[in-house]
Amino acid sequence: MDVHLVDGTYELFRHFYAVPSRVNEAGEEVGAARGVVGSLLMLLEQGATHVGVATDQVIESFRNDLYPGYKDGSGIDPDLWAQFPVVEEALAALGFVVWPMVEHEADDALAAAARAAAADPRVERVLIATPDKDLAQCVVAGRVWQWDRRKDALIGPEEVVAKYGVEPASIPDWLALVGDTADGFPGLPGWGAKSAAAVLARYGHIDAIPDAPGQWDITVRGGKKLAATLAAQRDDALLFRRLATLVDDCIDLPDVESLRWTGPPEPMGLAAIAERLADSRLADRVTRLAAERSA
């Protein structure tokens, strides 16, 4: 079996800025939520059987306690923010497993689910449906891929190395040195994507990089200055790496069979969901899919 793990937060943002506004009869903006639900149903129509969806119910996480500059909910369009509970409730009512994260982030839940699913011998592939660079650290040869649905591209270890210059296990170190503007931490001054990749390709992790450039056994442009910066700001680098390292034990997934989609737990509620999403075809679509799965 394949296990599909979907970044619901990414999907909400993507649909919010890609689909037209849609207001239901109660005056709620539901365009993005409709888009996410439709996208998940399309995944089922394409043959997915085991699906889990993670969302950021609360944007802030334990990382905000570690670093005040870490991303928070400021700047999110209120019409987008209001659709997080809508999509979480709709997907759960339609029978999808949803992990609405509070202390941790959606990315952590995806990492935890990927680790658990990859350990199950019944699982042939784990597909993490997001292009988010953070999730590249979860890629495992022959077991776990990132899947960019928009490009229909699978990202394995070779693709990670081709894109970032480092192995999946070094992605948190690479992000720590380079920085991640989306997550709100700057990295170290002077360290760019190429220099970080060159050094980490040799040493693997920040801890193994010598402080003095004379101790490096590779030649990197500006190596003396880079080494001095790392020596002076190593504690910052290690903090940034902690921010970039996903917590892969934050949810409990005792059996991947719990991710099998079989239809809504309460089919009689389909009409209410369809009405809230202002989607007159939703009930028929879901009923048909559920009937096909039970046949």
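Which helix supplies the largest share of the lining of the largest pocket? The legends below take up this point and others. The model is predicted: local features need pLDDT of at least 70 and side-chain atom pairs count only at pLDDT 80 or more, while totals for chains, interfaces and linings use all residues. Residues are numbered from 1 along each chain as its sequence is written, and side-chain values use heavy atoms, with hydrogens and water left out.

**View 1. The largest pocket has a volume of about 490 Å³.** Its lining has 21 residues, of which T9, F13, K71, D132 and A182 are the closest to the centre. A pocket is an open set of points on a 1 Å grid over the protein atoms alone, where a 1.4 Å probe fits, with protein on both sides within 12 Å along at least five of seven lines; lining residues have an atom within 4 Å of a point. Points are joined across faces, edges and corners, and the volume is the space filled by probe spheres set on them.

**View 2. Helix α1 gives the largest share of this lining, four residues.** Both α1 (8–16) and α6 (106–118) supply at least two residues of the lining of the largest pocket. Helices are DSSP runs (H or I, at least four residues), numbered from the N terminus.

View 3. Residues that line the second largest pocket include G31, R34, D279 and R285. Its largest share, six residues, comes from α2.
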